[in-house]
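Student: I've got this one open on my screen and I'd like to know what the labels rest on. Can we go through them?

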Amino acid sequence: MLEPAQKKIIPYGVLEPVPKKNTEAQELSSVIRQALRETTMPSVEVLAQDFLDVLAVDAGLKPTAVIGFGYPMNNALDRIITLAPMLGMATSMSHPWQASCDSEDLPSWYVETLARLYASTPIHIVSAIPASLNALMTDGSPLSPEQESHSLAYPSCCVNEYHRRRHAYHLLTLDMLARQVNGDELRMRRLVQSGVAMAPKDEAETTALLWATRTNFAPCTSIAMCGACAADSDSPARRISAQFRRLADRAGLLPFLSPI
Ligand SMILES: [Zn+2]
């Protein structure tokens with residue numbers, strides 16, 4: 001069991017495999033349900049989705065789950081992270097990664113400022129295969145979309161479109177910031193650090209910003225669907241979604257998840 005002192009950020013560490021104990025997956029489901037019932041975190045569906053991803057790792061449906069992004073450590077998250085190693089999964093804290101394509105063509109000051117901001121919001125990685133953790137965390141280089149797709153078992157079409165949207169978002173952000181302060185880099189940097197709201201100049205820019213920031217999750221998954229997957233009931237993302245829905249149903253998690 002992890003002691004609190006061990007839960008430090010290991011940005012790009014390499015974890016040893018944890019011997020799997022003879023514990024039933026049912027135990028994990030039961031701990032998860034109890035943690036969700038008892039949590040005081042308002043957005044329980046976010047926790048529930050993260051925990052379903054951990055169950056999917058335990059069930060062999062995906063090599064790695066990234067959980068805890070965008071919300072602080074809490075009792076429910078702590079319980080699952082503590083239990084996961086006892087079920088043979090490796091866990092670690094890391095900084096949210098950036099895909100290599102996200103920062104293409106972007107100024108280095110912008111990429112560095114974002115990296116510092118991301119460093120203040122650690123994530124938790126749960127993996128069935130320590131080798132996949134190694135691939136994620138080797139030398140601090142941004143992941144390629146292929147590595148991300150493989151590690152998280154997301155369809156590559158969805159991962160690629162997600163990063164096209166992220167890249168478009170960054171370019172739009174830079175255009176809008178430059179407009180606000182006449183291209184003064186120092187002031188642009190300060191605006192990025194303070195998380196200033198974007199101000200589109202016209203309808204075309206508003207439409208572009210909406211496209212860049214819209215996220216359409218496949219139900220019961222953390223997959224941001226591409227347009228093609230969203231439009232097809234038998235697409236890769238939809239098939240994974242159906243699989244995860246069955247897992248959620250078996251584990252009694254459907255009442256906690258976002259309405260489907
Ligand atoms: Zn897709």
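This is a predicted model: local features need pLDDT of at least 70, side-chain atom pairs count only at pLDDT 80 or more; totals for chains, interfaces and linings use all residues.

Student: What is the strand order in the open sheet, and what pairing does the sheet have?

Tutor: Residues are numbered from 1 along each chain as its sequence is written. As for the sheet, its three strands run in the order β1-β3-β2, with antiparallel pairing. Strands here are DSSP runs of E with at least two residues, helices are runs of H or I with at least four, and both are numbered from the N terminus.

Student: What makes β1 and β2 edge strands?

Tutor: Each of them, β1 (64–67) and β2 (90–94), has a single partner strand, so one side of each is left without a neighbour in the sheet. From one strand to the next, the twist averages 20°.

Student: How do you know that β2 and β3 pair?

Tutor: Two strands pair if DSSP finds at least two bridges between them. β2 and β3 (residues 123–127) have five bridges, in the antiparallel sense, so they pass that test. Ala 90 has Ser 127 as its bridge partner in β3, and Ser 92 stands opposite Ile 125. β1 and β3 pair in the antiparallel sense too, over four bridges, and there Val 66 has Ile 125 as its partner.

Student: Why is β3 called largely enclosed?

Tutor: Because four of its five residues are buried. Buried means 20 or more other C-beta atoms within 10 Å of a residue's own, exposed means 12 or fewer, and partly exposed is in between, with C-beta atoms placed from the backbone.

Student: What makes a set of residues a nonpolar core, and which members of the largest one touch the most others?

Tutor: Such a core is a set of buried Ala, Val, Leu, Ile, Met, Phe, Trp, Tyr and Cys residues joined through C-beta atoms within 7 Å. The largest one has 48 residues, and Ile 32, Leu 52, Val 54, Leu 55, Ile 80 and Cys 158 touch the most other members. Its largest share, eight residues, comes from α2.

Student: Why are α6 and α7 called oblique?

Tutor: Their axes cross at roughly 130° and come within 9 Å. Axes are lines fitted to C-alpha atoms, for helices over the stretch in contact, with angles from 0 to 180 degrees between N-to-C directions. Under 35 degrees is roughly parallel, over 145 roughly antiparallel, 65 to 115 roughly perpendicular, and the rest oblique. The α6 and α7 pair is therefore oblique.
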